[in-house]
Amino acid sequence: SQYSDDGAKTASAPPAPFPEDAAVEFSRHRGIWRLVFPASISVNGVTEPHDYEVTAFHSEDGAERRLFRRYILREKFFHSAAFRSKKVTADFRAELFPKEGSVRFEIRPRDVYGRLGDALKADFPTKKV
């Protein structure tokens, strides 16, 4: 039929998950901290994320607070699937990070409706390079 409920099914499913061995790489260049992580890959027709919600949490003296939240697009996200980047790069100014305590990241794939997938978690390197 012309009308189907495929759209409704798709709309209720979270975006594609990260690969099982996904990890975040940290590097620093000229006052910028760079995070690189693998893109979520569509499996069995699950929708690929529109973007990624990157949230940083700061812990110090037993208390945790949110430092910041950003939404990051994948490189070449507008290309067809075969040409999209397999990794996502997020750059943050070094001064966003406190000198004391520890910082933890949660990165979640987000679909066009704002629904979030499971988080990829990573601890910011404590030895500031």
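Rings of Phe, Tyr and Trp (for Trp, its six-membered ring) pair if their centres lie within 6.5 Å. Planes under 30 degrees apart count as stacked, planes over 60 as edge-to-face, and the rest as tilted. By this rule the count comes to 13 aromatic pairs. In one of them, the rings of Phe68 and Phe97 have centres 5.8 Å apart and planes at 75°, so the pair is edge-to-face. Strands here are DSSP runs of E, at least two residues long, numbered from the N terminus.

This is a predicted model: local features need pLDDT of at least 70, side-chain atom pairs count only at pLDDT 80 or more, and totals for chains, interfaces and linings use all residues. Residues are numbered from 1 along each chain as its sequence is written, and side-chain values use heavy atoms, with hydrogens and water left out.

Are Phe68 and Phe97 buried or exposed? Both are buried. Buried means under 20% relative accessible area, exposed means over 50%, and partly exposed lies in between (1.4 Å probe, protein chains only). Phe68 and Phe97 also belong to one aromatic cluster, which includes Phe26, Trp33, Phe92, Phe105 and Phe124.

A ring can also have a charge over its face. The rule asks for NZ of Lys or CZ of Arg within 6 Å of the ring centre and within 35 degrees of the ring normal. Arg110 lies over the face of Tyr71, at 3.9 Å from the ring centre.

Now look at charged partners. Side chains of opposite charge can pair when their charged atoms come close. A salt bridge is a side-chain nitrogen of Lys or Arg within 4 Å of a carboxyl oxygen of Asp or Glu. The count comes to nine salt bridges. One of them joins Glu53 to Arg69, with the closest N and O atoms 3.8 Å apart. Glu53 is in strand S3 (residues 51-60) and Arg69 is in strand S4, 16 residues apart. Glu53 counts as buried because its relative accessibility is 6%. Arg69, at 31%, counts as partly exposed.

Arg104 and Glu64 also meet in a salt bridge, at 2.9 Å from N to O. Arg104 lies in strand S6 and Glu64 in strand S4, so the pair ties together parts that are 40 residues apart in sequence. Arg104 is partly exposed at 21%, and Glu64 is partly exposed at 43%. Another bridge links Glu95 and Arg93, with 3.0 Å between the closest N and O atoms. Glu95 is exposed at 58%, whereas Arg93 is partly exposed at 44%. Salt bridges that share partners join Glu64, Arg104, Glu106 and Arg108 into one network.

The strands pair too. Two strands pair if DSSP finds at least two bridges between them. Nine bridges join S3 to S6, and these strands run antiparallel. Here Phe57 stands opposite Arg104 in S6. Four bridges join S6 to S7, again antiparallel. Ile107 stands opposite Leu120 in S7.

Where is Gly117? Gly117 is in the loop between S6 and strand S7 (120-123). At 6% relative accessibility, Gly117 counts as buried. Contact means heavy atoms within 4.5 Å. Gly117 touches Pro14, Pro15, Arg108 and Pro109, not counting residues up to four places away in sequence. Gly117 and Tyr52 are 65 residues apart in sequence and 9.4 Å apart in space, C-alpha to C-alpha.
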